[in-house]
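Reader: I would like a close look at one part of this model, the open sheet and the helices packed on it. Please set that part in the context of the whole chain.

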Amino acid sequence: MAGDRALLQEALSQGERTDGRVEFKERLSREVHLSEARFESLAAQLRHRVLSGDGEATYVVGVTDDGAIAGISQAAFSESMDVLSLLAEEAGAHLESVETWGTEGGGLVGVATIQDGGALEVATDHLIVGTAGHVDHGKSTLVGSLVTGRPDDGEGGMRSYLDVKPHEVERGLSADLSYGVYGFDAAGPVRVERPDRKSDRAAVVESADRVVSFVDTVGHEPWLSTTIRGLLGQKLDYGLLTVAADDGPTPTTREHLGVLLATDLPTIVAITKTDMVDEETVETVERDVERLLRQAGRSPLSVSRHGVEAAIEEIGDGVVPIVRTSAVTMDGLSILDTFFECLPKTAAAGGDFRMYIDRTYGITGVGPVASGTIESGTVETGDELLVGPVGETGFRPVEVRSIETHYHRVDRAEAGRIVGIALSGIEESELARGMALVPRSADPTPTRSFEAEVMVLNHPTRIHTGYEPVVHLETVSEAARIDPLDGQLLPGDSGRAQITFKFNPYLIEAGQQFVFREGQSKGVGTVTAISGHDSR
């Protein structure tokens, strides 16, 4: 990203000193600087600069040997950062950050900070919790108070730590998935002092023994598809459904609860805003929630009556704990802390590496980044992967340049971790949500058609051959044709169906769960067989 020019001026002025920790380079190339004759020598020089700078060195790239700004192309700058990262790794250090500036001639100049010690290890115990609930029922505010340990101001101010887009903060409405993080060590919760600072989030990931990541979904009805994507595509361990004490369950509450329970996700219900109503109203809302859960075939467990230990022991297998909370008074938040500190991880972690892409973006000097939750296996810096399907070419070979989790750089990440993976060998414009990352050895075959066992939860009439809802599977959201294989399907019916995506092929496997939806119509399904392959 573009940096503060004062940092560049400081680096240029430091280069005039004789402490040896600032180096000027016009560019670094693989052919020259990674050659057998120069690689070890340059790595040794880098190591010396890091030691001379008390664990930190600065490389100014895109300038002449005397510090005059020259500027180099985007491709040359990206290659320079690749080379610098490899030299740092050889020297037992890591590329901590890169700031860039444009020059008048259209080139780039940048300041790269190298730090000692390589990428730091992070906790392997990582819980992922997805929030859901009606708009203005306090999802983001509750998570904001959890991760900071600070009460809300009564105006939802804590949600600003999660809603990353300015218009979301201004309107008080989330429009896309956002993320929060905190953790636990031997002394208890590890909070984020300043969640709006990337370094503070990274520090939690570094120091905690258990990391808890929140995938905060969207409560407004027009963005229900985004909520479904968050609940299906992030490999969640638990769901956290919020119901406001001053409003009670709404149709959106029922919609979100249906998605959580249809995918068999262990779920906690938090009754929020209990400070705004009297005790009698809270009890009424809790009874309404209990009634809603029973209608869905689940057993409610009131934590206020049965205790948190019983809730932790019973959650899942049809039991849904209910917790009364207030982000203003902080009532009930210590109970949620206990849940997230003690609940076991549920998502499976074995198998080969696989990740479905949820977001893509480009970073100057780093390149294209694919973000998502690792579904299975592990990934390391330098791994050779396949990504796709990409247009007409199927899967494309790529290489992992770097990995970050909550702004903390790591050399290795495993299943259940939310990561951003920087890739070489592909342009950011070629990446898209719904694509998958797999090992080179996987030999994946994209498909547009599969068979599934489906259940119709709600539909005004019969579902006939040719019905076309939107299917949500992993991070895929696309219109598809549903053809019942055992006759027409009525609301409440289960049966076999052929599912065919209308526009694009994807990597689909038996056992994957999905939701299909059109207006008020909704159903769920499980992939049973891949019935046709298509690389288009």
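**The open sheet and its surroundings**

This is a predicted model, and the chain averages a pLDDT of 83. A score of at least 70 is reached by 84% of the residues. Two stretches call for caution. Over residues 163-176 the pLDDT is below 50, yet this stretch has 29 contacts in the model beyond near neighbours in sequence. Residues 219-223 also have a pLDDT below 50, with 13 contacts beyond near neighbours in sequence. Where pLDDT is low, the predicted coordinates should not be read in detail.

The chain has 536 residues, and 55% of them count as buried. Its secondary structure comes to 13 helices and 28 strands. Take the contacts between residues at least 6 apart in sequence: 71% of them join residues at least 24 apart.

Next, the sheet itself. Four strands form it, in the order E1-E2-E4-E3. The sheet is open and the pairing is mixed. Its edge strands are E1 (22-25) and E3 (93-102), each of which pairs on one side only. From one strand to the next, the twist averages 20 degrees.

Start with E3 and E4. Strand E4 covers residues 108-116. E3 and E4 run antiparallel, joined by nine bridges. Gly102 stands opposite Leu108 of E4. The two strands form a hairpin with five residues between them. In that turn, Gly106 has a positive phi of about 90 degrees.

Now the other neighbour of E4. E2 and E4 are joined by six bridges and run antiparallel. Val61 has Gly110 in E4 as its bridge partner. How enclosed is E4? Seven of its nine residues are buried, so E4 is largely enclosed by the rest of the structure.

Helix H3 spans residues 39-52 and lies across E1, E2 (56-61), E3 and E4. It runs at about 125 degrees to E2. Helix H4, residues 74-90, packs on the sheet too. H4 touches E2, E3 and E4, and its direction makes about 160 degrees with that of E3.

Then the nonpolar cores. In soluble globular proteins, nonpolar side chains tend to be buried together. The largest core here has 26 residues. Phe214, Ile268, Leu336, Phe339 and Phe340 touch the most other members of that core. A second, separate core has 24 residues, including Ala57, Ile72, Ala76 and Val83. Ala57 falls within E2 (56-61). Ala76 and Val83 fall within H4 (74-90).

Asp237 sits in the loop between helix H8 (224-233) and strand E9 (238-244). Asp237 is buried, because its relative accessible area is 0%, under the 20% cut-off. Its side chain makes a polar contact of 2.8 Å with the side chain of Lys345.

Backbone geometry comes next. Most residues other than glycine have a negative phi, and most peptide bonds are trans. Lys273 is not a glycine, yet it has a positive phi of about 60 degrees. Lys273 belongs to the loop between strand E10 (267-272) and helix H10 (279-295). Its relative accessible area is 18%, so Lys273 counts as buried, the cut-off being 20%. Met330 also has a positive phi, near 70 degrees. Met330 is in the loop between strand E12 (319-324) and helix H13 (333-342). With a relative accessible area of 24%, Met330 is partly exposed.

The last stop is the loop between E17 and E18, where Pro389 is found. The peptide bond from Gly388 to Pro389 is cis, with omega near 0 degrees. Gly391 is found between strand E17 (384-388) and strand E18 (396-405) as well. Gly391 is partly exposed, with a relative accessible area of 49%. Gly391 and Leu431 are 40 residues apart along the chain, and their C-alpha atoms are separated by 9.7 Å.

Back to the part you asked about. The order to keep in mind is E1-E2-E4-E3. E4 pairs antiparallel with E3 and antiparallel with E2. H3 lies across the four strands E1, E2, E3 and E4, while H4 touches E2, E3 and E4.

Note on methods:
Residues are numbered from 1 along each chain as its sequence is written. This is a predicted model: local features need pLDDT of at least 70, side-chain atom pairs count only at pLDDT 80 or more; totals for chains, interfaces and linings use all residues. Side-chain values use heavy atoms; hydrogens and water are left out. Buried means under 20% relative accessible area, exposed over 50%, partly exposed in between (1.4 Å probe, protein chains only). A polar contact is a pair of N or O atoms within 3.5 Å; within protein, one must be able to donate a hydrogen and the other to accept it, and residues adjacent in sequence count only if both atoms are side-chain atoms. A nonpolar core is a set of buried Ala, Val, Leu, Ile, Met, Phe, Trp, Tyr and Cys residues joined through side-chain atoms within 4.5 Å. Two strands pair if DSSP finds at least two bridges between them. Axes are lines fitted to C-alpha atoms, for helices over the stretch in contact, and angles run from 0 to 180 degrees between N-to-C directions. Contact means heavy atoms within 4.5 Å. pLDDT is the predictor's confidence in each residue, from 0 to 100.
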